[in-house]
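Subject: Structure for your files

Hello,

Here is the structure I said I would pass on. My notes on it follow below.

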Amino acid sequence: MGADFRPNGTHDWHSATYVSEWIEGDATRDVDRRPMLRRLAGLIPATHARPIRVLDVGGGYGAVSAEVLERWPAAHVTLHDYSQAMVSVAAERLGRYGTRVTYRLADMNERGWADRLGGPFDAVVSALAIHNVAGPELVERVYHDIFGVLRPGGALLNMDLLFPASDGLAELYRRDPTRHYNWDVRVTPADVDSHLRWLRRAGFSEVDCVWKDLELGLLWASRAA
Ligand SMILES: C[S@@+](CC[C@H](N)C(=O)[O-])C[C@H]1O[C@@H](n2cnc3c(N)ncnc32)[C@H](O)[C@@H]1O
C-alpha cells in the first residue's frame, strides 16, 4: 500500500520551488478552504480568556494556524512541519503574531517525532497533512503519537482526505457534479471507518467524523479528562 497511498502523486515538500507553486495554487482554493478552516478552528474546545497551547500538525505555510490565532486570542500555536521551505513561508506570513507562534521541524514518518514538539497541548489541529505519511499503518501510529502529546480533556481536529470504501462509492463520488476538488479518488483502507478505528486504538475515547463532503472531511477525537 505504502507508495500508492499518496493520493495526488508525489509531492516534493522539501523543494522551495514546488512549495511556492503549491501555495500559489492553494490560494486559488481559498474561497472554499478558508470557511472550512475557520469552522475547524471554532470547534477547538476553548474559551476566549483561557490561554491554550495548540499544535498544528503538518501546518505548511500557516493557513490553519492563522485561523486558530484569529479565533482564539489567548492561544499559542506550535506550527509543525518537516519542510523548511514551508516553515520559512509560514514564519513570514505569521510574523505579525510574534511570540504567539513557535515553529518545529519533525518528520511524522520517524519514530519519536512528536516528542520534539514541546508538548503537552490542549488541542491538535491538522489539515491535509496526515495522509502524506507513508501508509495506513503509519497514520495509526501518528494518531498514537498525537494522543501522547495531548493533555487529558484535549482534542484532535483533523481535516483530511477520507476515501470511499468501495469501487461503487468511488464512482458515485466522481459522478457528483458539485465535486470541484480534483483529488485522485482512491479506494483505500483510509475510509472513515478505518480512521475512527485507528483513533480508538490510539487511545482516544470520543471519536467522530463531524462533517464530510465527498472525500474531504473533519475528524474529531478527544482524550478523556
Ligand atoms: C497539503 S500541505 C497542507 C498544509 C497546511 N496544513 C494547509 O492546510 O495549508 C501538506 C503539508 O504536510 C507536510 N508534510 C508532508 N509529509 C510530512 C511528514 N512526513 N512530516 C511532517 N510534515 C509533512 C508538508 O510539508 C506540507 O506542508
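**The ligand site**

The side chain of Asp 107 has an N or O atom 2.9 Å from a nitrogen atom of the ligand. Please keep in mind that this is a predicted model. A nitrogen atom of the ligand lies 3.0 Å from a backbone N or O atom of Met 108, and one is 3.4 Å from an N or O atom in the side chain of Asn 109. The ligand taken alone exposes 590 Å², of which the protein buries 98%.

There are 22 residues around the ligand, and those that come nearest are Arg 33, Gly 58, Asp 81, Asp 107 and Ala 127. Helix α3 and strand β2 (75-81) each supply at least two residues of this shell.

**Helix α2**

Arg 33 also belongs to the buried set of α2, together with Arg 34, Met 36, Leu 37, Leu 40 and Ala 41. Helix α2 covers residues 30-42; at 1.5 Å a residue its 13 residues should span 18 Å, and the end C-alpha atoms are 18 Å apart, so the two values agree.

**The nonpolar core**

The largest nonpolar core has 73 residues, and Val 68 and Phe 204 have the most contacts inside it. Helix α5 (residues 136-149) gives the most to this core, with seven residues. Leaving aside residues up to four places away in sequence, Phe 204 touches Tyr 143, Ile 146, Phe 147, Leu 150, Leu 156, Leu 199, Ala 221, Ser 222 and Arg 223.

**Ser 194**

Ser 194 sits in helix α7 (residues 192-202). Its relative accessibility is 5%, so Ser 194 counts as buried. The side chain of Ser 194 makes a polar contact of 2.6 Å with the side chain of Asp 191.

**Backbone points to check**

Most residues other than glycine have a negative phi, and most peptide bonds are trans.

- Gly 119 and Pro 120 are joined by a cis peptide bond, with omega about 5 degrees. Pro 120 is in the loop between β3 (101-105) and β4.
- Leu 128, in the loop between β4 and α5, has a positive phi near 55 degrees. Leu 128 is buried, at 15% relative accessible area.
- Leu 214, in the loop between β6 and β7, also has a positive phi, near 55 degrees. At 16% relative accessibility, Leu 214 counts as buried.

Regards

Conventions
Residues numbered from 1 in each chain as written. Predicted model: local features only at pLDDT ≥ 70, side-chain atom pairs only at ≥ 80, totals over all residues. Heavy atoms only, no water. Core = buried A, V, L, I, M, F, W, Y, C linked by side-chain atoms within 4.5 Å. Buried < 20%, exposed > 50% of the residue type's maximum accessible area, 1.4 Å probe, protein only. Helix = DSSP H or I, 4+ residues; strand = E, 2+ residues; numbered from the N terminus. Contact = heavy atoms within 4.5 Å. Expected span 1.5 Å × (residues − 1). Near = heavy atom within 4 Å. Polar contact = N/O pair within 3.5 Å; in protein donor to acceptor, adjacent residues only side chain to side chain. Areas by Shrake-Rupley, 256 points an atom, 1.4 Å probe, with all protein chains shown as cover.
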